[in-house]
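Welcome! Please take a moment with the sequence and the 3D view below, and then we can walk through a few features together.

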Amino acid sequence: MVSYMEDTDFPEELVEPIKALTNQSRRKMLLSLSERDALSYSQIRGTFRIKKGTLNHHLHILVSAGLIRNFSNKDLGNPYKSFYAITG
């Protein structure tokens, strides 16, 4: 994927975030999330209009890299159960 990082002494905590940001779709998702407090899974899917499996893949990579977090809102009457937000 990003072979130049293998030849460089990047701090371990930076490798996954850097790899996550090599994809344009993930950069756009991160930018969209940075402009709001949080977005539901459905809102992200509606904004980017990509297949569910592809969205799951991108969100998983961003969460694993520590760039975003996933949380649930258990309030009754709220149709959105899964939310994503920038970590920090």
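How many aromatic pairs does the structure hold? There is one; rings of Phe, Tyr and Trp (its six-membered ring) pair if their centres lie within 6.5 Å. Its partners are Phe71 and Phe83, which are stacked (planes under 30 degrees apart), with 5.7 Å from centre to centre and 15° between the planes. The pair links distant parts of the chain, as Phe71 sits in strand β2 (residues 68-72) and Phe83 in strand β3 (residues 82-86), twelve residues apart. Strands (E, at least two residues) and helices (H or I, at least four) are DSSP runs, numbered from the N terminus.

This is a predicted model, where local features need pLDDT of at least 70, side-chain atom pairs count only at pLDDT 80 or more, and totals for chains, interfaces and linings use all residues. Residues are numbered from 1 along each chain as its sequence is written, and side-chain values use heavy atoms, leaving out hydrogens and water.

| Residue | Relative accessible area | Class |
|---|---|---|
| Phe71 | 25% | partly exposed |
| Phe83 | 11% | buried |
| Gln43 | 31% | partly exposed |

Gln43 lies in helix α3, and its C-alpha atom is separated by 9.9 Å from that of Tyr84, 41 residues apart along the chain.

Leu59 touches Met29, Tyr41, Ile44, Ile68 and Tyr84, not counting residues up to four places away in sequence; contact means heavy atoms within 4.5 Å.

Note on methods:
Phe/Tyr/Trp six-rings, centres within 6.5 Å; stacked < 30°, edge-to-face > 60°. Buried < 20%, exposed > 50% of the residue type's maximum accessible area, 1.4 Å probe, protein only.
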